[in-house]
Amino acid sequence: MDETATTPEAAEQHAAFRRKRDASVRGAQGALALVTTAWVEGETEIEDVPGIWSPSPTNDGLQVAATADDGIVVDGQEVDGTAIVYGHDSMTPSQVRFDESRTAFVIGPDFHGRYALRVWDAESQANQDFVRLDAYDFDPAWVKHGTFEAVEGGVGFEYGKSQGGSLRQGVSPGRIRFEHEGEQVELLALPDGDSLQIVFADATTGDETYDVGRFLFVKPRHDGTVELDFNRAVVPPCAMSDQYNCPLPPAGNRLAFPIRAGERRPVFARAEG
């Protein structure tokens, strides 16, 4: 059987992925809905957000002071006084609601020990203007079969961020390799739960595809094999909201050849008009 032929099953799986991806970015806390990321160092007011916000006394999130008139609900309880909003990665993460369309949670800590309030608006301008995620047609030739080689202590590398600042230090748990046109390609990745996040650029970046690069999430198998389906490469969330600060591809993940598979860029009505 021709491995580059698209089977009905593969085509339907890809279509299902595209539908799920579209729904996720349009969601109430999808990438299009993020309107505020406010890092809190001391007692402060946050623009367009009710309440007074400060670091929590136990340094595990933020504290909000508000009256019932402010309409802030934390973990299902209206705030009339103070409440702790636990970080999104804590054992008991908190959820915040301001009104019918706006919700929030807390991220952090960052390198400075700070936490931030992230506010989402399901009726954001970006969500209203969003048309689609432009993507290449499914191409089975871009389903690559590679290997993952774990490295004790990991492989260190430097990478930038989409909103600048100093270079960050990353550690990949190993090296991912696959073959393209007879040549071995090696990639590094950031841990992402039980998966790995590959941040890459290629010859289409900044021209046919989003200029920051793209993400691909993979999950190595126990035997060290890994499937890299570049048809599932996605644009980073900073393509849909400037409140994100996305990692940039490290030097070794900047590929000289074009990968015409996966997402290209988001399309908005105002841009089309």
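Predicted model: local features only at pLDDT ≥ 70, side-chain atom pairs only at ≥ 80, totals over all residues.
I start with the core. The largest nonpolar core has 24 residues. Within this core, Met240 and Tyr244 have the most contacts. At least two residues of the core come from each of these elements: helix H1 (8-26), strand E9 (102-107), strand E10 (115-121) and strand E11 (130-135). As background, nonpolar side chains in soluble globular proteins tend to be buried together.

What does Met240 touch, leaving out residues up to four places away in sequence? Its contacts are Arg21, Val25, Ala31, Leu32, Ala126, Leu133, Val235, Pro266 and Phe268.

Next, the aromatic rings. There are 8 aromatic pairs in the structure. One of them is Trp142 with Phe230, an edge-to-face pair with 5.8 Å centre to centre and 80° between the planes. Trp142 is in the loop between E11 and strand E12 (143-159), while Phe230 is in the loop between strand E18 (225-229) and strand E19 (263-268), so this pair ties together parts that are 88 residues apart in sequence.

Together with Phe178, Phe200, Phe230 and Phe257, Trp142 forms one aromatic cluster. Lys144 lies over the face of Trp142, 5.1 Å from the ring centre. Elsewhere, Tyr136 has the charged end of Arg264 over its ring, 4.8 Å from the centre.

Last, the sheet. Which strands make up the open sheet, and in what order? The sheet has 4 strands, in the order E14-E13-E12-E18, and their pairing is antiparallel. Strand E14 (183-187) and E18 are the edge strands, each pairing on one side only. On average, neighbouring strands of this sheet are turned by 40° against each other, direction ignored.

Looking at one pairing in that sheet, strand E13 (residues 168-180) and E14 run antiparallel and are joined by 5 bridges. For Glu179, the bridge partner in E14 is Gln184. In general, strands of a sheet pair through backbone hydrogen bonds.

Terms used. Residues numbered from 1 in each chain as written. Heavy atoms only, no water. Core = buried A, V, L, I, M, F, W, Y, C linked by side-chain atoms within 4.5 Å. Buried < 20%, exposed > 50% of the residue type's maximum accessible area, 1.4 Å probe, protein only. Contact = heavy atoms within 4.5 Å. Phe/Tyr/Trp six-rings, centres within 6.5 Å; stacked < 30°, edge-to-face > 60°. Lys NZ or Arg CZ within 6 Å of the ring centre and 35° of its normal. Pairing = 2+ DSSP bridges. Axes fitted to C-alpha atoms, helices over the stretch in contact; angles between N-to-C directions.
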